[in-house]
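Here's a quick briefing for anyone opening this structure for the first time. Take a look at the sequence and the model, then walk through the points below.

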Amino acid sequence: MKSSFNFSNLCGTVYSKGNLVFTPDGNCVISPVGNRVSVFDLVNNKSYTLPFEMRRDIARIALSPKATLLITVDEAGYAYLVNFNRQTVLHRINFKSKVKDIVFSPNGKYVAVTHGKEVKVWKAPGFTREFSPFVLHRTYTGHFDDITHLSWSHDSRYFLTSSKDMTAKIYSLNPMPDFKPVTLSGHRSTVLGAYFSKDMAHIYTISKDGALFHWRHTTFADVRGLDEDELEENFIDHVRWRVHEKHYFHQGHGVTVKSCQFHAPGNLAIVGFSNGVFGLYEVPSFVNIHSLSISQHKISTISINPSGEWLAFGCSTLGQLLVWEWQSETYVLKQQGHFYDMNTLAYAPDGQTMVTGGDDGKLKVWNVSSGFCFVTFSEHKSGVQSVAFAKQGQVVYSASLDGTVRAFDLVRYRNFRTFTSPNPVQFTSLAVDPSGEIVCAGTMDTFEIYVWSVQTGKLLDVLAGHEGPISDLAFSSDGVMLLSGSWDHTARLWDVFGRNKHIEVLQHQTEVLAVAYRPDSRQVAAATLDGQVSLWQPEDAKLMQTIDARKDIAGGRKMNDRTTADNNASGKAFQAITYTADGACLLGGGNSKYICLYDLDTTSLIRKFQISHNLSHDGAQEKLNARHMTEFGFNKEDVDDDDDNASDLEDRLDRSLPGTQSGDLSARKTRPEIRAKAVQFSPTGHAWAAATTDGLLIYTLDDAILFDPFDLEVDITPDSVLATLHDDQDYLKALCMAFRLNEAYITRQVFEGIPPDSVPLVARGLPQKYLDKLLVFIAAHMESSPHLEFQLLWVTQLLTAHGRYLKERRGEYQAVFRGLYKGITRVRDDIATLCDSNMYMMKYLLGQQGLSNGAGAPMDLSQ
């Protein structure tokens with residue numbers, strides 16, 4: 001069993017806090033997700049998460065104009081410099097202050113960072129030969145309160161700052177003889193954004209109270225439309241930045257501006273309000289082009305792509321990420337994670353789809369390869385506790401605390417069955433037999449297991465015997481036996497279909513929290529509250545082995561713990577366990593930051609995965625620092641770590657309960673606790689997933705680094721590739737060398753130089769890692785090459801030789817298949833058009849010939 005599983009992707013959470021950034025080509029949007037960064041490719045419909053973690057939740061991100069460098073800054077001001085293309089951390093720096101905004105200059109040579117009331121401009125790495133990646137250029141002062149926003153001019157010579165002191169300032173990057181920093185005052189609330197127009201003749205400032213000021217560098221007479229004769233004799237009319245117009249959004253009482261953005265080439269101002277509405281305005285005319293309500297909570301951040309067509313919105317309260325194309329008024333992307341904790345997950349039999357259930361009562365179905373949620377079911381009225389697939393992944397079952405078990409059709413996307421009990425109960429566990437005809441659910445309050453028929457929807461049986469809540473259920477692979485775990489210190493094996501209803505009782509010392517059947521049905525595992533994992537033989541109910549996992553899973557001291565992590569009893573037990581696809585190993589997770597993988601033959605720990613290093617979560621540290629404790633026993637970070645956004649009355653009010661007016665004045669910020677509520681292995685055995693506090697973590701086998709003997713033996717040059725093709729006639733070797741060289745004309749020359757008789761042999765011997773490159777090349781080559789039969793021969797032989805491999809990974813090759821289908825369809829249409837044209841032309845010519853000869857009707861070409 002391979003244990004080289006590495007973090008692959010983060011699903012289930014698309015945005016948490018901070019700002020969104022578009023790449024320069026406008027095709028991808030970069031979103032901070034907790035202490036990680038996710039990239040959403042809007043053109044190829046794919047998402048991926050960068051493989052590094054920061055120490056705390058990310059507050060701001062900035063991307064260089066050429067998309068080569070990415071800077072991420074966490075809540076405490078600690079920053080990473082990342083090579084965006086290589087996804088590698090290059091340098092770490094501590095700004096020693098909370099960063100409200102960080103922006104690259106348009107020429108990419110400087111980075112402006114807010115430091116409270118100051119702005120520090122650093123020289124961007126890559127343009128100078130200093131040893132340190134960050135070299136301080138200058139520090140700019142002048143504001144009397146924290147700076148909230150930065151923006152550069154188009155020529156990178158000036159930048160604008162906006163502050164909580166209700167002013168905006170203009171600074172020059174380098175000292176200039178006739179220039180002094182200019183203060184733009186007049187707003188009555190915090191200035192959230194200040195922007196230059198493209199020609200730098202106008203400045204637009206937007207404040208929190210819903211005011212947009214238009215500034216021009218002109219005289220008083222020009223602003224008021226006066227003649228020089230109308231001014232007083234001693235009045236000296238200086239040319240300076242003046243308010244030309246004042247505009248107000250008028251969204252209603254109590255509605256404030258929460259975010260704003262400006263697109264200089266299109267003169268578009270985008271404003272997001274606290275009521276979930278955004279407005280698109282054209283300036284300087286202040287015409288409302290578009291207005292839409294996209295959320296029920298405040299819009300936290302706004303971004304616009306360079307072409308000005310797509311608008312990205314983030315809502316931190318609901319975890320929403322939306323990309324809106326305002327010209328066609330359509331969603332390009334609309335994703336949202338679970339509002340509360342993610343409780344359970346399940347893999348589809350093909351491993352390409354996953355379903356998750358959460359405390360928000362929603363069921364979400366995810367595409368593993370793209371990382372996107374493609375359907376959400378919200379029929380449940382309470383938290384979903386367990387989910388399961390059936391019918392080759394076409395049906396999903398869910399059990400909820402609202403007392404229902406529901407069946408959802410993934411073909412028509414509807415709830416086609418709802419199973420209920422005679423008396424109101426709360427369901428906590430679920431199991432479906434392999435045929436998908438029988439559904440079982442365990443309860444929390446009556447300690448019974450209900451059995452339904454999927455075809456009729458009727459209740460078939462009620463299995464009684466447990467004396468405590470049912471914690472978990474699992475069917476054997478043959479569908480004969482049902483395994484249940486309960487808080488009554490027992491796990492039971494039920495013969496559901498037998499006449500005698502034989503029951504085997506597996507006695508444990510403490511409460512059973514999770515159970516699992518091995519894929520071959522010859523072993524069952526049960527995890528108990530004392531940290532033990534018991535392995536049983538189901539035929540004779542014999543205890544085979546016991547794994548002591550208390551020390552393995554223990555770790556992480558919470559802020560309110562009075563004892564150390566080693567002496568704390570909580571969190572030292574598995575809440576979820578699962579067998580690997582081959583049944584050789586066992587994976588377990590619980591209320592801890594660790595997930596453990598065990599070898600069952602030796603009952604030894606193979607590997608321990610730490611699911612998060614985020615210090616913003618509770619339980620990430622092994623030891624607490626006494627310096628952070630006050631004399632009253634509270635943690636300073638919980639008391640003093642203010643978000644600085646609750647300065648207004650409406651931000652401090654807690655209206656979560658009906659009739660609440662003032663809120664809880666003693667409320668302190670709470671931290672989410674790191675834990676894994678569910679773990680599941682993919683049926684293919686190449687990946688596993690965990691439902692954690694951060695979201696749906698997916699770990700896969702590291703297949704990115706592949707051994708290639710050509711790198712060790714052959715000096716790959718164009719001459720050596722062509723020599724291998726023509727002289728040695730080793731076509732497979734030449735093709736692989738051409739892909740390694742990655743020169744288009746060499747690849748085309750080698751591809752067309754392979755004889756058609758050798759195509760089947762080369763296709764069978766082609767390594768699987770070159771399949772993607774060859775299929776993409778053929779799809780692109782069809783656009784310009786006339787060798788249609790030769791290309792179809794290649795496609796046929798590749799699909800014949802590697803069909804099973806491509807079918808197992810059809811999600812990864814979906815874009816390639818679409819490219820092939822597009823190319824073949826285009827060629828077919830061209831040939832069909834040409835044949836029809838020739839047919840009509842021949843009919844016309846023969847008809848004309850018949851008329852000239854007087855032979856009568858033309859001959860039938862179909863004969």
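A residue counts as buried under 20% relative accessible area, exposed over 50%, and partly exposed in between. Gln 87 has a relative accessibility of 27%, so it falls in the partly exposed class. Keep in mind that this is a predicted model.

**Strand S8 and its partners**

- Let's start with S8, a strand that is mostly covered: five of its six residues are buried.
- On one side of the pairing list is strand S7 (residues 69–74), which runs antiparallel to S8 and is joined to it by five bridges.
- In that pairing, Leu 69 sits opposite Asn 83 of S8.
- S7 and S8 make a hairpin with three residues between the strands, and Gly 77 takes a positive phi near 90° there.
- S8 also pairs with S9: the two run antiparallel, with six bridges between them.
- Here Tyr 78 stands opposite Asn 94 in S9.

**Positive phi away from glycine**

- Which loop holds Gln 87? It's the one between strand S8 (78–83) and strand S9 (88–94).
- Gln 87 has a positive phi of about 60°, although it is not a glycine.
- The hairpin of S8 and S9 has four residues between the strands, and Gln 87 with its positive phi belongs to that hairpin.
- Met 200 is another residue to look up: its phi is near 60°, a positive value in a residue other than glycine.
- You'll find Met 200 in the loop between strand S18 (191–196) and strand S19 (202–207).
- Met 200 has a relative accessible area of 22%, so it counts as partly exposed.

**A cis peptide bond**

- Which form does the peptide bond from Val 283 to Pro 284 take, cis or trans? That bond is cis, with omega near 5°.
- As for where to look, Pro 284 lies in the loop between strand S24 (277–282) and strand S25 (287–293).

**A nonpolar patch on the surface**

- Met 841, Tyr 844 and Leu 845 form a nonpolar surface patch, and together they have about 330 Å² of accessible area.
- How exposed is Met 841? Its relative accessible area is 47%, so Met 841 is partly exposed.

Key
Residues numbered from 1 in each chain as written. Predicted model: local features only at pLDDT ≥ 70, side-chain atom pairs only at ≥ 80, totals over all residues. Heavy atoms only, no water. Patch = residues over 30% accessible without salt bridge, like charges linked within 9 Å, V, L, I, M, F, W, Y side chains within 5 Å. Areas by Shrake-Rupley, 256 points an atom, 1.4 Å probe, with all protein chains shown as cover. Salt bridge = Lys/Arg side-chain N within 4 Å of Asp/Glu carboxyl O. Buried < 20%, exposed > 50% of the residue type's maximum accessible area, 1.4 Å probe, protein only. Pairing = 2+ DSSP bridges.
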